[in-house]
Amino acid sequence: MMQSDVVICGGAVIGSAIAWNLGQIAPELTVTIIERDPSFQHSSTALSASGIRQQFSDPLNVAISRFGVDFIKKTPTRWGLDLNLHQQGYLYLSNTDSGAQILRENHAVQCGAGADVTLLSTDELKSRFSHLNTGDLTLASLGLSGEGWFDSVGLMQGYQAHSNATRLKDEVSGLKLQSGKVASVRLASGSEIACGAFINAAGPYAAEIAAMAGINLPIEPRKRTNFTFDCATPPQHGLPLMIDPSGVWVRPEGRHFLCGCIPENDPAVAHDDFEPRFQEFEEIIWPALAARSPAFEAIKMQAMWAGHYAYNVLDQNAVAGAHPEIENLYFANGFSGHGLQQAPAIGRGVAELVAQGSYKTLDLSPLGYDRILRNEPLLEKCVI
Ligand SMILES: Cc1cc2nc3c(=O)[nH]c(=O)nc-3n(C[C@H](O)[C@H](O)[C@H](O)COP(=O)(O)OP(=O)(O)OC[C@H]3O[C@@H](n4cnc5c(N)ncnc54)[C@H](O)[C@@H]3O)c2cc1C
């Protein structure tokens, strides 16, 4: 039987970030990544909108993203990689008094956690982005630095290229438990790997992997469709990633724009269902954008694709850290729509926990699996 100190199921951005960090912290450990599809064509990582923001309501999520942007600014440069970080900010709009109050509360949390975010009255918003219709709005919140978008696949490939982990093209098909621990990992090829620690980084398949150890993990594949469009007369003063009160979001993508929405119907989907929901563009996105800015009245859809969120049904937040009883089984799952930006901090934290027994850089324990057992959501108001 093969042996590895650490076995990671899933080799996209999260699995690769953990492997790279293990190499930095504990180079003496042998690390094996099992990845079923090294093309990553259906991974959330490859299909992501690649955004990073500091505008969360939970201070830990703000700190995680601040760690992420700092990493993205510095480390890829040392690797000789340009991840094309566009720090154009996120712009949240509210159209009710209660929405404005939430933006104010979030702003206080974000500033307390060191984020560079400002509130804009509707007059200030209009003077910065004159093409926007602001008549129905009550307040806006704009990230001034440390927010934007970057090359998601580049980040994953950077981690992969600079890690000594062994990568096997295979599928985790079972876990063998012995004395309350994961003793070995069974692979679809028929091989088995004895392990000291096992990490679930299987994205939308996380629940199936957890079930192999008899664990219930409330994570489902939920479909999100992204669209690019061409704009006949683009807005003159540029645009951050704007999140309309309707939940429709849009941002520049080269000379085009990228957009999406929160689906009205959002069931779990089959793992192989990547059919884009074209009607979201026609029925939800275009009407909302055209109402928000005349620049978006004449637009032409260019491309669309669907990817899967690993959707944490309890609270749409990550589940990270060790299982309370099966102590050598670690989660790095359930990121919903914000896992790409969390990869640097989660990779660091989970590696610290595995190699050093506790979190050293950021205390990620509020993201632990025990909240699932207690059925106590970690409330995050800024979810898209
Ligand atoms: C449309 C869309 C837009 C998004 N936009 C953003 C955004 O703007 N910002 C942001 O931060 N996040 C965003 N996200 C979320 C982000 O992309 C994910 O949270 C992140 O990529 C998760 O990475 P992962 O490595 O956990 O999962 P994945 O990238 O899905 O990788 C999981 C890997 O596990 C492998 N695997 C699964 N089961 C097995 C098995 N049994 N054996 C072997 N291998 C297995 C899969 O093949 C896959 O490669 C978006 C996601 C989608 C779908």
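Which strands make up the open sheet of 8 strands, and in what order do they stand? The question is put to a predicted model. The order is β5-β6-β4-β13-β14-β15-β12-β16, and the pairing within this open sheet is mixed. At its edges stand β5 (117–120) and β16, each with a single partner strand, so one side of each has no neighbour in the sheet. From one strand to the next, the twist averages 20°.

## Strand pairs

Within the open sheet of 8 strands, β13 is followed in the order by β14. These two strands, residues 241–243 and residues 249–253, run antiparallel and are joined by 2 bridges. Met242 has Val250 of β14 opposite it.

Strand β1 (residues 2–9) runs parallel to β11 (residues 192–200), with 7 bridges between them. Strand β1 also runs parallel to β2, to which 4 bridges join it. Val6 takes part in both pairings: its bridge partner in β11 is Ala197, and in β2 it stands opposite Val31.

A further pair consists of β17 (residues 319–322) and β18 (residues 329–333), which are antiparallel and share 4 bridges. Together they form a hairpin, with 6 residues lying between the two strands. Gly321 is placed opposite Phe331 of β18.

As background to these pairings, side chains in a regular strand alternate between the two faces of the sheet.

## The ligand and its surroundings

The ligand has 38 residues around it, and those that come nearest are Glu35, Thr45, Gly51, Val172 and Gln341. By class, the shell divides into 17 nonpolar, 16 polar and 5 charged residues. Domain 1 (2–48 + 153–218 + 314–374) and domain 2 (87–146 + 220–311) each supply at least three residues to this shell.

Taken alone, the ligand exposes 1,000 Å², of which the protein buries 95%. Which elements give two or more residues to the shell around the ligand? They are the helices α1 (13–25), α2 (44–47) and α9 (339–356), together with the strands β2 (31–35), β12 (219–231) and β16 (299–312).

Strand β2, which gives two or more residues to the shell, is a parallel partner of β1.

How values were computed. Residues numbered from 1 in each chain as written. Predicted model: local features only at pLDDT ≥ 70, side-chain atom pairs only at ≥ 80, totals over all residues. Heavy atoms only, no water. Near = heavy atom within 4 Å. Areas by Shrake-Rupley, 256 points an atom, 1.4 Å probe, with all protein chains shown as cover. Nonpolar A, V, L, I, M, F, W, Y, C, P; charged D, E, K, R; others polar. Domains from an automatic or database assignment. Pairing = 2+ DSSP bridges. Axes fitted to C-alpha atoms, helices over the stretch in contact; angles between N-to-C directions.
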